[in-house]
Amino acid sequence: MQGRITLEGMEFFAFHGYYDEEQKIGNKYGVDLFIDTDLQAAAQTDELPKTVNYEVLYKLVYEEMKVPARLLEHLGYRIIDRIYHKFPHLKKVKVNIYKFNPPLGGICHKAKVTLKEKR
């Protein structure tokens, strides 16, 4: 039984950005995470060890958000790689990372990068 686990709207204050100033002053970032995997055992048994624990996923994202990156693309790659390292049985991982109020010289609510990988 294939299914999807989703964590949407995670928010973090972090120090990412291409420009040195962005890495000094920080900004608010958002992350959405989509995990495709087999959920049959969890559905049948009602046991947490038979699924992907949401708390563990959140902690993995949180830990990567603490490590500065110049590009959102690189940050997304690190998050996906870390999730596959912890849960190698997953079918697909997709991540949206967005920077609120990016420094573009005009009004822009957020800049977003989406990465997905099947293994």
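1. Which residues line the second largest pocket? In this predicted model, the lining is made by Tyr19, Glu21, Glu22, Ile25, Gly26, Asn27, Asn101 and Pro103. Helix α1, residues 20-25, gives the most to that lining, with 3 residues. By class, the lining residues divide into 3 nonpolar, 3 polar and 2 charged, and the volume comes to about 160 Å³.

2. Now for the largest pocket, where the space is about 210 Å³. Its lining has 13 residues, and Tyr18, Glu22, Arg70, Leu72 and Lys99 are the ones that lie nearest the centre. Two elements, α4 (72-86) and β4 (110-118), each supply at least two lining residues. This lining holds 9 nonpolar and 4 charged residues, with no polar ones. You will find Glu22 in the lining of the second largest pocket and again among the residues nearest the centre of the largest.

3. Tyr18 deserves a look of its own. It sits in the loop between β1 (2-14) and α1, and it counts as exposed because its relative accessibility is 55%, where the cut-off is over 50%. Together with Tyr19 and Leu71, Tyr18 makes a nonpolar surface patch of about 370 Å².

4. For the overall picture, the protein chain has 4 helices and 4 strands, arranged along the sequence as β-α-β-α-α-α-β-β. The C-alpha trace spans about 50 × 25 × 25 Å along its principal axes. Of the 119 residues, 42% count as buried.

5. On to charge pairs: the whole structure has 10 salt bridges. One of them joins the side chains of Arg4 and Asp36, at 2.8 Å from N to O. This pair links distant parts of the chain, with Arg4 in strand β1 and Asp36 in strand β2 (residues 27-38), 32 residues apart.

6. Arg82 meets Glu63 at 2.3 Å, N to O; Arg82 belongs to helix α4 and Glu63 to helix α3 (residues 54-65), 19 residues apart. Both are partly exposed, Arg82 at 28% and Glu63 at 22%. Glu64 meets Arg78 at 2.6 Å, N to O, again from helix α3 to helix α4, 14 residues apart. Here both partners are buried, Glu64 at 11% and Arg78 at 14%. Through shared partners, salt bridges join Glu63, Glu64, Arg78 and Arg82 into one network.

Definitions and conventions
Residues numbered from 1 in each chain as written. Predicted model: local features only at pLDDT ≥ 70, side-chain atom pairs only at ≥ 80, totals over all residues. Heavy atoms only, no water. 1 Å grid on protein atoms, 1.4 Å probe; cavity = no way out; pocket = protein on both sides within 12 Å on 5 of 7 lines; lining within 4 Å. Points joined across faces, edges and corners; volume = space filled by probe spheres on them. Nonpolar A, V, L, I, M, F, W, Y, C, P; charged D, E, K, R; others polar. Patch = residues over 30% accessible without salt bridge, like charges linked within 9 Å, V, L, I, M, F, W, Y side chains within 5 Å. Areas by Shrake-Rupley, 256 points an atom, 1.4 Å probe, with all protein chains shown as cover. Salt bridge = Lys/Arg side-chain N within 4 Å of Asp/Glu carboxyl O. Buried < 20%, exposed > 50% of the residue type's maximum accessible area, 1.4 Å probe, protein only.
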